[in-house]
Amino acid sequence: MAKLMANVPVQKNQLIELDMTGQGHQGEGVGRYRDYTLFVPGAIAGERVKAKVTKVNKNYGFAKLIEIVRQSEQRTEPPCPLYHRCGGCHLQHMTYEAQLAHKRQTVVDALTRIGKLEDVTVHPTLGMDEPWRYRNKSQVPVGLVNGKIVAGFYAPGTHEIIDMEGCPIQHPYSDEIVNTVKRALADLGIPPYDETGHKGLVRHIVARVGYATGETMVVLVTNGRNIPRVDELIRRLRNEIPHVVSIVQNVNTAVTNVIFGPHTITLWGKDGIEDRIGDVRFFISARSFFQVNPIQTQVLYDKALEYAQLTGRETVVDAYCGIGTISLFLARRAKRVIGVEVVEEAIEDAQRNAELNGIMNAEFLAGEAEQVIPQLYAERGLRADVVVVDPPRKGCDEKLLQTIVDMQPQRVVYVSCNPSTLARDLRFLEDRGYETQEVQPVDMFPHTFHVECCSLLVRKEN
Ligand code: SAH
C-alpha cells in the first residue's frame with residue numbers, strides 16, 4: 001500500500017470527488033481536497049469531478065479524471081478523434097471562447113503574482129475566426145509497427161508512434177504530404193528508422209506550407225546519406241504533390257531526440273519556400289525558424305507595429321530577430337532597424353529577406369543579444385528610440401534588460417511566448433523607469449495551452 005505523506009490528506013490511487021475552482025496554466029483543472037491542491041488534466045473550472053490520485057507531492061498532487069459529476073458549460077466535444085491519445089493539443093475539450101478567456105487569465109495571473117503588476121490593462125485575447133488548420137509546419141516521426149509504416153505522433157510520455165491520417169490544426173497540404181510520403185516509402189521499400197536499434201533510414205517527415213503562396217516543401221530526415229531508389233521517390237512525390245516546390249533531405253545520424261541534423265541536401269527544386277506576412281515576402285529554408293501560425297503572426301506584428309508608433313524617424317533595435325520577420329515588418333516605417341539573433345543561418349536568411357523586399361535600412365548581426373547590444377551601446381554609442389524584444393521561453397537576459405534601461409528608448413515592445421518570464425522582465429523594467437501600459441494576448445496556438453503576448457512599455461518622464 002502507498003505510504004501516507006505527513007499532512008497530505010490523499011494517497012496514490014485514492015478515488016476522490018472534488019470541485020474544480022481554477023485552471024492551471026497548462027489547462028488542467030485545479031481544485032482543493034481538504035485544503036490540498038490537486039491538478040486534474042481534462043477537467044474545467046466550475047466542474048465537480050471524480051478523480052483518481054496519480055501523484056502526491058508535498059504541496060500539491062495530480063489526479064486522473066474519472067467522471068464528471070457536474071459539467072461546465074465551457075465543455076465541448078473535442079473534434080479530433082485522437083485528442084485523448086495525442087499530447088499536441090490540451091484544450092480541445094473547452095469551447096474556443098473559454099480557451100481565449102483562460103489564456104487571458106493566465107497572463108493576468110502571471111502579471112499579478114510574478115510581476116506584482118496590478119493595474120496593467122490586459123486586453124481580451126485576439127483569437128482566430130477559424131481556429132483550425134492554422135499550422136504551416138508539420139514534423140512527424142516515422143516508424144514500423146507490426147510490419148507497417150506508420151507516421152504520426154508519439155503517445156504522451158512515450159516514443160510509441162500513433163499512426164495518423166490527418167491533424168485538424170495542420171494545413172491540409174501537410175496531411176497530404178505526410179500520407180503521400182508514407183505510401184511512397186512503403187511501395188518503394190525505403191525503410192523507416194527504428195529508434196530502439198538505431199537502424200533503418202527515414203526518421204521524420206517534415207512538411208512546410210507557404211499560406212500566402214501555396215508553395216510546399218518536403219523534408220526527409222534520414223539516418224544516413226544514401227536513400228535507395230531516390231530518383232523514383234522524387235518522381236513520385238513530384239507527380240503526387242502538385243504544390244511541392246522543394247524536396248530536401250536532412251541527414252541526422254545521431255542518437256538524439258533533436259529532429260534535424262547538421263547536413264541538408266536539396267534533392268529537387270528550390271532550397272526552401274516563400275511566404276508572405278502582410279506584403280513582406282520571406283524565404284524559409286528547411287531549418288529556419290518561422291512563426292507556425294501565419295494568420296495570427298500578422299495580427300501579432302500589426303500590434304507590435306501599432307505599439308512601436310513609428311513615424312519614419314526612429315532607430316529600432318529588434319532583439320531575438322530570427323529571420324528578420326519583425327524587423328522587416330517595421331523597417332518600412334522606421335529610419336533604421338538593427339536585428340540581432342544568435343543563429344547564423346537565420347541572420348543569412350534575414351539579410352536575404354531584406355534584399356528580397358528591397359529593404360535597405362535594416363541591418364542584421366549574428367550573436368547573443370545580451371552580448372551584441374551592450375557592445376553596440378558602449379563601444380559604438382548606439383541609441384534606439386524603440387526596442388523590440390521577442391525572446392525564447394526563458395525570457396530576456398538581465399544584461400540585455402539593463403542595457404535597454406541605459407539606452408533609454410521611449411518605447412519597448414515586448415513580444416513573449418511565456419507569461420511567467422514576461423512578468424519577471426516587466427517588473428525589472430518597471431523598477432528602472434518604464435511603465436507597462438498594455439498587454440495584448442494573441443492566440444497563436446489554438447487548442448494548446450500556449451499564449452503569446454505583445455506588451456507596450458513607455459519610459460516614465462523623470
Ligand atoms: N522575432 C522572430 C523570432 C522569435 S523566436 C520571429 O518573430 O520570427 C526567438 C529567437 O531568439 C530565435 O530565433 C532564437 O534563435 C533566438 N535566440 C535565442 N537566444 C538568443 C540570444 N541569447 N540572443 C539572440 N537571439 C537568441
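**Ser-174.** I looked up Ser-174 and found it buried, with a relative accessible area of 0%, where buried means under 20% relative accessible area, exposed over 50%, and partly exposed in between (1.4 Å probe, protein chains only). Ser-174 has its place in helix 2; helices (H or I, at least four residues) and strands (E, at least two) are DSSP runs, numbered from the N terminus. Leaving aside neighbours within four places in sequence, I noted Ser-138, Ala-207 and Val-209 in contact with Ser-174, contact being heavy atoms within 4.5 Å.

**Basis.** I am working from a predicted model, in which local features need pLDDT of at least 70 and side-chain atom pairs count only at pLDDT 80 or more, while totals for chains, interfaces and linings use all residues. Residues are numbered from 1 along each chain as its sequence is written, and side-chain values use heavy atoms, with hydrogens and water left out.

**Helix 3.** I then asked which residues of helix 3 (residues 230-240) are buried, and I found Leu-233, Ile-234, Arg-236 and Leu-237. They lie on the same side of helix 3 because they cover an arc of only 165° around the axis, the arc being that of the directions from the helix axis to the C-beta atoms. On the other side of helix 3, I found Asp-231, Arg-235 and Asn-239 exposed. The buried residues of helix 3 pack against helix 2 (172-188), strand 11 (216-222), strand 12 (244-251) and strand 13 (263-269).

**Salt bridges.** I recorded 23 salt bridges in the structure, each defined as a side-chain nitrogen of Lys or Arg within 4 Å of a carboxyl oxygen of Asp or Glu.

I looked up Arg-32 and Asp-35, whose side chains meet in a salt bridge (3.8 Å, N to O); Arg-32 counts as partly exposed at 47% relative accessibility, whereas Asp-35 is exposed, with a relative accessible area of 63%.

Asp-163 and Lys-148 also meet through their side chains in a salt bridge (3.3 Å, N to O), and this pair links distant parts of the chain, with Asp-163 in strand 9 (residues 161-163) and Lys-148 in strand 8 (residues 148-154), 15 residues apart.

For Glu-240 and Arg-183, I noted a side-chain salt bridge (3.8 Å, N to O) that links helix 3, which holds Glu-240, to helix 2, which holds Arg-183, across 57 residues. Glu-240 is partly exposed at 31% relative accessibility, and Arg-183 is partly exposed too, with a relative accessible area of 44%. Lastly, I noted that salt bridges with shared partners join Glu-17, Asp-19, Arg-48 and Arg-70 into one network.
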